[in-house]
Amino acid sequence: MTSAVPTCWKTPPPNIEYDVQGLELDWVCVAWDLDLARGPSGWIARSFKGSRWEPKHPAGYADQRRAYTLNSYRVLLTRARQGMVIFVPRGSAEDATRPPDAYDAIDAVLQSAGIPPLPGSP
């Protein structure tokens with residue numbers, strides 16, 4: 001008999017929208033990053049390339065890519081049966097890829113939609 005030590009190599013990977021489409025899960029944690037950021041006139045779909053966030057669309061496809069990214073979040077946000085945590089990371093003024101105001105804007109929209117912060121969170 002061998003005694004296996006649990007390691008991070010055995011941790012199942014997180015699921016993306018393709019994995020959970022059609023599923024109902026008891027509890028869900030959605031990690032919201034700047035691939036869907038709040039801009040002055042609505043949501044902006046972006047992707048991380050190299051060392052910065054860039055628009056997630058080739059010229060002429062902005063609306064399609066935005067709709068696709070919005071739908072991906074819709075799928076993730078509609079899987080929970082009992083409860084959900086939406087994790088929005090804190091930004092860092094020292095890291096240009098994590099601007100605090102961008103994360104604060106996402107947090108503000110979620111709170112204005114009636115999603116309360118977790119007790120004890122900043």
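User: With which residue does Arg52 form a salt bridge?

Analyst: This is a predicted model, and the assignment rests on a side-chain nitrogen of Lys or Arg lying within 4 Å of a carboxyl oxygen of Asp or Glu. For Arg52, the closest N and O atoms of the pair are 2.9 Å apart. The partner of Arg52 is therefore Glu54.

User: Is Arg52 buried or exposed?

Analyst: The relative accessibility of Arg52 is 52%. Residues count as exposed over 50%, so Arg52 is classed as exposed.

User: How many residues apart in sequence are the parts that Asp26 and Arg81 tie together?

Analyst: The side chains of Asp26 and Arg81 meet in a salt bridge, with an N to O distance of 2.5 Å. Asp26 belongs to strand β1 (residues 25-31), whereas Arg81 belongs to strand β5 (residues 80-87). The pair therefore ties together parts whose separation in sequence is 55 residues.

User: Which class of accessibility applies to Asp26, and which to Arg81?

Analyst: Arg81 has a relative accessible area of 54% and is exposed. Asp26 has a relative accessibility of 33%.

User: What is the N to O distance in the salt bridge of Arg98 and Asp95?

Analyst: Arg98 is partly exposed at 33% relative accessibility, and Asp95 is partly exposed at 25%. Their side chains meet in a salt bridge. The N to O distance is 3.7 Å.

User: How many salt bridges does the structure hold?

Analyst: The pairs described above are Arg52 with Glu54, Asp26 with Arg81, and Arg98 with Asp95. The number of salt bridges in the structure is three.

Conventions:
Residues are numbered from 1 along each chain as its sequence is written. This is a predicted model: local features need pLDDT of at least 70, side-chain atom pairs count only at pLDDT 80 or more; totals for chains, interfaces and linings use all residues. Side-chain values use heavy atoms; hydrogens and water are left out. Helices (H or I, at least four residues) and strands (E, at least two) are DSSP runs, numbered from the N terminus. Buried means under 20% relative accessible area, exposed over 50%, partly exposed in between (1.4 Å probe, protein chains only).
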